[in-house]
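Welcome, and please have your viewer ready. We will go from one selection to the next and see what is there.

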Amino acid sequence: MPKSSSKSQAASKSADSVNNSTRKSPGGKSASVVEAFELTAAANGNVLSPRLFYETVQQSPLAISITDSRADILYVNPAFENLTGYSSDEVLGENESILSHKQTPLEVYKALWSTIQGGETWRGTLVNRRRNGEPYLADLNISPVFDSQGSVNYFLGIHRDITEVHALEQQVQHQKTLIESMLDAAPVVVALIDAERKVLVDNQAYKKLMGDLHGLEPAALFLEVLEKDGFDLATALAEHRSFSEVEVRLDIAGRTEPRWYSVSGTWVSELDSTVASYFGNGGEPRCCLLLVASEVTALRQQMERAKLQHLRASLAEQERVQGMREALSGAIFQLQTPVNIIQAAVGMLDRGADSNKLREVLDQVLLSGQQAMDTLRGALPEETRESQASVNLNTLLQDVLSLQTDAFLAGGVVIDWQPQTVLPSITGRPNQLRSMLMRLVENALMAVAETDRPQRVLRVATVSHDDCVDVLIQDNGPGIPDHLRLKVFEPFYSNWKQPRGRAGMGLSLAQETVNEHGGVIAINPDCNEGCQVRLTFPVRSAATSYDEGMY
Ligand code: FAD
């Protein structure tokens, strides 16, 4: 059929439908839209005129069209004109396909047609195109309109533009996907649980942990452990009390080592999407607990190892002290005999004893003296050789300063710590070096205690130069006079006013350690305040001083 004749036929059909509208349909079904208006008006005591119904449709903000059974347009309202950009004259007699952007899949149209031809209402979304070619998303309702015999001659289409709503939905969906990806990528276990302990949201790490726990709910386990420690979920919920970094231990079947988690909980209000809350009067929002748990097993194991190591070290120290006490008690006991005999010899001399007798007694002294020496040598503990490692002297000094913090505070000593920011490592025995540095710092502490300066200062610095690393330990104590600068390194030399059990072996042993590391120790002769001990270590020490294969 030519378009123009179809158009004029459609226009006259449309006018007929509006004006010719007094027939009653069986079973309550409309003969046409206007007929339907009339029926309703009649049913209501004819208070409302068909014109009113017509004007209602005309003025509806929704785009309304009425078509024949092939979807050729018979009527469109002004909202349709506004939305599509087509005037009524342009579309009357045209098929609704004029609005198609040709991107809606064929299956959708097939479903649309089979629904409306089956007498049902179809609702869906189509990609439409305005007169100016601009695409938009149409949320469309198509309802068949039955005539008095119950057959369908017309379709009623109502649609609205949902492009913006769809864009917003997409944005929300995108943000949701983004948040979910972020949650999944986070190396922490995350779960949102409600007051009934039901997990509402979780992430991949949570699911993985659940797998490791053979299907047990990690959130429930965390709460169980927290509750054993006095955490009360109900009270915490009532008071919106959050908690942070509580350590939780999980013993997992089949694993010898426990797993440790640092768990934090924050209360969050869940968005109320019920109809009742639309105007913000939906009552108290539901509260959920956001549980975040990061695994700290490695850290915990490291701490356990360090604790054990510390325990071992202090046990070894106790044993060492005990051994020394035993050896020295033995030495005192052993030396007592020769001393007694010498005393007897002196008495004999006083009494004018002959030289043979005296000789006999001196022989006994010699023998018991030799025996005492042998016993003492036998009691000397064997030196344990620590293996070599790459050592950063800043780290060792930091350890020593930390260990001595209490002593500094007690002695009112100010520490001036000047490490070189990036210090080359040396090769050496870390424990041996640490003990040596400890002794030197203890010396400095003793030195500052022997002066009445108002401010006691300990300066510790490291500096590297010419493939060497220097450690400088300086106190503002009485200092060491020039003539004693070498003597202080002799074994058993001590010049403390208050020796406090120090036998004068500290600097001698320090020299031994430094030499073993291919280094040099000296008292700085140019130091004009207190005493400065300078230790110089080669960054690459002489190969002869080191165990094989250390580099
Ligand atoms: P076509 O080849 O015309 O149709 C595609 C498929 O649709 C066919 O293969 C067939 O399965 C089915 N089909 C088409 N016409 C008929 C028919 N007369 N009987 C049975 N099956 C049929 N389309 C839009 O794109 N946007 C709209 O806003 C829109 N509004 C409509 C409003 C009403 C009241 C009605 C009744 C239809 C509406 N349509 C709308 C559908 C429209 O009429 C077309 O069917 C559709 O646009 C596809 O047209 P086409 O030319 O791309 O493909």
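Which side chains meet in a salt bridge with an N to O distance of 3.9 Å? Select Glu 304 and Arg 300: their side chains form that bridge, a salt bridge being a side-chain nitrogen of Lys or Arg within 4 Å of a carboxyl oxygen of Asp or Glu. The two are about one helical turn apart because they sit four residues from each other in helix α11 (residues 297-350); helices (H or I, at least four residues) and strands (E, at least two) are DSSP runs, numbered from the N terminus.

Before moving on, note that this is a predicted model, where local features need pLDDT of at least 70, side-chain atom pairs count only at pLDDT 80 or more, and totals for chains, interfaces and linings use all residues. Residues are numbered from 1 along each chain as its sequence is written, and side-chain values use heavy atoms, with hydrogens and water left out.

Next, select Asp 212 and Arg 259, a salt bridge with its closest N and O atoms 3.0 Å apart. Arg 259 is buried at 10% relative accessible area, while Asp 212 is partly exposed at 24% (buried is under 20%, exposed over 50%, partly exposed in between; 1.4 Å probe, protein chains only).

Now go to Glu 90 and Arg 131, whose salt bridge brings N and O atoms to 2.5 Å. Glu 90 lies in helix α5 (residues 88-91), and Arg 131 in the loop between β3 (122-129) and β4 (135-146). In total, the structure holds 26 salt bridges.
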